[in-house]
Amino acid sequence: MAWSSKGRIWARRSNRARTIWGATTSIPVKSHTDTVYKLALSAQNGVLDLLAAFSPSSTGDVQTWHSQIDPGLKVVTHPSTVRVPNGHGFKRKITVSDAGSAVAHATVTAAGHHVHTGVHGTASITRGPFKRPTSIHVTAVKTGYASGTATVRVRVR
């Protein structure tokens, strides 16, 4: 599925059964585009081919433009808020998926610490100790995918 809004083309894919949606990704529309009229899509295993009819703001003519959009990684940490005693740290499981399917061998980065997901799309991060509340930004990357992010909020008791 794809749509245009606010100067970007947005896309999201589902699993084959169309029961689970993946992360939403986007790319900017062609420079100086005024209006996107139509989007034609060709979904492939690793990429979405996109053909757009658009109107450049300088001419008002309708032109076509081709691009590709990578699927996005969904990053989940549960729960997203961690409560730790003052001076302690935490260990948290991170799950990386694409439309419900585990993504193995993704690189997960949290506060400068790098780990890789296993065959089930999971990895564990350990961070701390913490003396004050903070937020840890978690990013997952893998070739052929748009990166995904999540945030772990740390509350200190």
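The model is predicted, so local features need pLDDT of at least 70 and side-chain atom pairs count only at pLDDT 80 or more, while totals for chains, interfaces and linings use all residues. Residues are numbered from 1 along each chain as its sequence is written, and side-chain values use heavy atoms, with hydrogens and water left out. Strands are DSSP runs of E with at least two residues, and helices are runs of H or I with at least four, both numbered from the N terminus. Buried means under 20% relative accessible area, exposed means over 50%, and partly exposed lies in between (1.4 Å probe, protein chains only).

**Salt bridge**

- The count comes to 1 salt bridge, defined as a side-chain nitrogen of Lys or Arg within 4 Å of a carboxyl oxygen of Asp or Glu.
- Side chains of opposite charge can pair when their charged atoms come close.
- The partners are Asp98 and Arg13, whose closest N and O atoms are 2.2 Å apart.
- Asp98 lies in strand 9 and Arg13 in the loop between strand 2 (8-11) and strand 3 (25-28), so the bridge ties together parts that are 85 residues apart in sequence.
- Asp98 is buried because its relative accessibility is 7%.
- Arg13 has a relative accessible area of 27% and is therefore partly exposed.

**Aromatic pair**

- A pair of aromatic rings is described by the distance of the centres and the angle of the planes.
- Rings of Phe, Tyr and Trp (its six-membered ring) pair if their centres lie within 6.5 Å; planes under 30 degrees apart count as stacked, over 60 as edge-to-face and the rest as tilted.
- By this rule there is 1 aromatic pair.
- Phe90 and Phe130 form a stacked pair, with 5.8 Å from centre to centre and 15 degrees between the planes.
- Phe90 belongs to strand 9 (residues 88-98) and Phe130 to strand 13 (residues 122-130), so this pair ties together parts that are 40 residues apart in sequence.
- Both Phe90 and Phe130 are buried.

**Surface patches**

- Patches are made of residues with over 30% relative accessible area and no salt bridge; like charges are joined within 9 Å, and nonpolar side chains (Val, Leu, Ile, Met, Phe, Trp, Tyr) within 5 Å.
- Accessible areas come from the Shrake-Rupley method with a 1.4 Å probe, and for residues only the protein chains shown count as cover.
- Arg83, Arg153, Arg155 and Arg157 form a positive surface patch.
- Lys and Arg count as positive and Asp and Glu as negative, with His and the chain ends not counted; the place of a charge is NZ of Lys, CZ of Arg, CG of Asp or CD of Glu.
- Arg157 sits in the segment after strand 15 (148-156), and this residue counts as exposed because its relative accessibility is 64%.
- Met1, Trp3 and Trp21 make a nonpolar surface patch of about 300 Å².
- Trp21 is in the loop between strand 2 and strand 3 and is partly exposed, with a relative accessible area of 36%.

**Backbone geometry**

- Most residues other than glycine have a negative phi, and most peptide bonds are trans.
- His78 and Pro79 are joined by a cis peptide bond with omega about -5 degrees; Pro79 is in the loop between strand 7 (74-77) and strand 8 (81-84).
- A cis peptide bond also runs from Gly128 to Pro129, with omega near 10 degrees, and Pro129 lies in strand 13.
- Arg18 has a positive phi near 60 degrees; Arg18 lies in the loop between strand 2 and strand 3 and is exposed at 66% relative accessible area.
- Ala111 has a positive phi near 50 degrees; Ala111 lies in the loop between strand 11 (107-110) and strand 12 (113-116) and is partly exposed at 48% relative accessibility.

**Positions apart in sequence**

- Ala110, in strand 11, is buried with a relative accessible area of 0%.
- Ala110 and Pro79 are 31 residues apart in sequence and 15 Å apart in space, C-alpha to C-alpha.
- Arg13 and Gln68 are 55 residues apart in sequence, with 13 Å from C-alpha to C-alpha.
- Gly46 is in the loop between strand 4 (33-43) and strand 5 (48-56) and is partly exposed at 42% relative accessible area.
- Gly46 and Lys74 are 28 residues apart in sequence and 15 Å apart in space, C-alpha to C-alpha.
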